[in-house]
2 protein chains.
Amino acid sequence: MDGDPQSSSRGKIWRNRSIKDDSFAIRCDIVVINELRVEEEEAPGQVDTPEFVSVPPSDLHQYLGNLLHTEKGADVVFEVGAETFAAHRCVLAIRSPVFSAELFGTMKEGDTAAGVVHIDDMEAQVFKALLHFVYTDSLPKADKEEKQAEEDVMSQHLLVAADRYNLVRLKLICEEKLCRYIDVGTVATILTLAEQHHCHGLKKACFSFLDSLANLKAAMNTEGFDHLSKSCPSVMMELLAVPRA
Amino acid sequence: MDGDPQSSSRGKIWRNRSIKDDSFAIRCDIVVINELRVEEEEAPGQVDTPEFVSVPPSDLHQYLGNLLHTEKGADVVFEVGAETFAAHRCVLAIRSPVFSAELFGTMKEGDTAAGVVHIDDMEAQVFKALLHFVYTDSLPKADKEEKQAEEDVMSQHLLVAADRYNLVRLKLICEEKLCRYIDVGTVATILTLAEQHHCHGLKKACFSFLDSLANLKAAMNTEGFDHLSKSCPSVMMELLAVPRA
């Protein structure tokens, strides 16, 4: 009989164990290759706007980046090591309460009032990256080789700078980057930094890594761990309190 | 016979016309209700960053909005009608070449050098919205009733202002909004505006609407059309040249 499921190729489906009570489930895995395209239904007869006018996405950060780059109307100069950077008091002050106090508050005195600010305890490249973030809300793009070699060190310095100027989002960006650099050789240094600058997420990531007894033992043989135990003894107590298999 | 498709409920599927050559297609309509979640595969053993640190999206426009709102370090005042607005020369100049020339260029003179700029031929509310755009790259949110009643008129005024200060993206935003207000009563006024301020997309949208002979006839009976024919005779020639069914 032609329609007999047992004798035709169609019959294969009946012998499959997926069929139960005359029904079967179909699983669809959807992979979105390109950007999501959203189509809105429009009222009939209405002019189809996107066909005629296309508004590009906001590029405010590029304008602010240009402001930093061109130094147009700059009214303050920072001296950092051997380098100087021109900037705009109003932009700095609205982005950081620390800059605000330094440039507009009662802390303003001497050279600051004259438009020159000396920055101590910071490398010029770190201050340069911090300024870039203040104006554009992003970090300057490093080339690939530089990225491999220096991103972890730069992120540590920038985290300290972000904490100093109370730039919350920059601090989180640095924490997020440093999470990716946690390994046996770096975890103690990164944990010290996290503890000293109150980075809860980064500290948790370090603890998660040290949950493994093998990782902990290996990390304890590094110089960074000596430094951690001396500068943050309370963290050592916390580490000891973690139950391990 | 139990397995006979003709006699069992399973047999319904065979009688369905969708089956061809032992196969059938299944159409899945996927509706994405929430935001798209993208999961990246990570190397085994690596710390799962998002679990510990979450970086919020950029909020640069909010900081700049605060700068406008708080007037911190403002160094220029605009007098528009009976109202005054404090602002920052550097922000205005980097956003608009016209502001740049007015505030930093050779056009700077008299009151401008002293920090006061008079704006003629513009309503205070329009200048206020323009300033909001300059600082935040977006338009101020109108409440719903206001939106219904005034958005089209405001968009026309803002388009003129955007053209005057060469704010390209603001001009496109206004064009895009006005496309949605094109109807028999408004098309002539909007087309006049589009022609006078070189808005190619908006002009095309008006022409598309007037492609219909019924729309054209109805629009020709409006006051706006009289004005269009007098102020932009070349557009009338273009309209006549469009082949219509």
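In this predicted model, the backbone nitrogen of B:Leu60 lies 3.4 Å from a polar atom of the side chain of A:Asp137, and a polar contact of 2.6 Å joins the side chain of A:Asp137 to that of B:Ser58. A:Asp137 is found in the loop of chain A between α6 (124–136) and α7 (144–164). Is A:Asp137 buried or exposed? With a relative accessible area of 3%, A:Asp137 falls under the 20% limit and therefore counts as buried. Leaving out residues up to four places away in sequence, A:Asp137 touches A:Arg95, A:His132 and A:Arg169 in chain A, together with B:Ser58, B:Asp59 and B:Leu60 in chain B.

B:His88 is found between β2 (83–87) and α4 (89–95) of chain B, and its relative accessible area of 1% makes it buried. The side chain of B:His88 reaches the backbone nitrogen of B:Ala74 at 3.5 Å. Apart from neighbours within four places in sequence, the residues in contact with B:His88 include A:Cys90 from chain A, as well as B:Leu67, B:Glu71, B:Gly73, B:Asp75 and B:Tyr135 from chain B.

Among the contacts in chain A between residues at least 6 apart in sequence, 60% join residues that are at least 24 apart. One of the buried residues is A:Leu191, which lies in helix α9 (residues 187–196) of chain A and has a relative accessibility of 0%. The C-alpha atoms of A:Leu191 and A:Gly224 are separated by 9.4 Å, although these two residues stand 33 residues apart along the chain. Once neighbours within four places in sequence are set aside, A:Leu191 is in contact with A:Lys203, A:Cys206, A:Phe207, A:Leu210, A:Leu228, A:Val235 and A:Leu239.

In soluble globular proteins, nonpolar side chains tend to be buried together. Which residues touch the most other members of the largest nonpolar core, a group of 126 residues? They are A:Phe127 and B:Phe127. Beyond its neighbours within four places in sequence, A:Phe127 is in contact with A:Phe78, A:Val80, A:Phe85, A:Phe99, A:Ile119, A:Met122 and A:Tyr165.

Two packed helices are described by the angle between their axes and the distance between the axes. Two such pairs are set out below.

| Helix pair | Angle | Axis distance |
|---|---|---|
| α8 (residues 168–179) and α10 (residues 200–210), chain A | about 10 degrees | 9 Å |
| α12 (residues 223–231) and α13 (residues 233–241), chain B | about 105 degrees | 5 Å |

An angle under 35 degrees counts as roughly parallel, and α8(A) and α10(A) are therefore roughly parallel to each other. Their contact brings A:Glu175, A:Leu178 and A:Cys179 of α8(A) against A:His200, A:Gly201, A:Leu202 and A:Ala205 of α10(A); by class, the residues of this contact are four nonpolar, two polar and one charged.

For the pair in chain B, the angle of about 105 degrees makes α12(B) roughly perpendicular to α13(B), since angles of 65 to 115 degrees are classed in this way. Here B:Phe225, B:Leu228, B:Ser229, B:Lys230 and B:Ser231 in α12(B) meet B:Pro233, B:Val235, B:Met236 and B:Leu239 in α13(B), and the contact of α12(B) with α13(B) has six nonpolar, two polar and one charged residues.

How values were computed
Residues numbered from 1 in each chain as written. Chains lettered and ligands numbered in written order. Predicted model: local features only at pLDDT ≥ 70, side-chain atom pairs only at ≥ 80, totals over all residues. Heavy atoms only, no water. Axes fitted to C-alpha atoms, helices over the stretch in contact; angles between N-to-C directions. Helix = DSSP H or I, 4+ residues; strand = E, 2+ residues; numbered from the N terminus. Parallel < 35°, antiparallel > 145°, perpendicular 65-115°, else oblique. Contact = heavy atoms within 4.5 Å. Nonpolar A, V, L, I, M, F, W, Y, C, P; charged D, E, K, R; others polar. Core = buried A, V, L, I, M, F, W, Y, C linked by side-chain atoms within 4.5 Å. Buried < 20%, exposed > 50% of the residue type's maximum accessible area, 1.4 Å probe, protein only. Polar contact = N/O pair within 3.5 Å; in protein donor to acceptor, adjacent residues only side chain to side chain.
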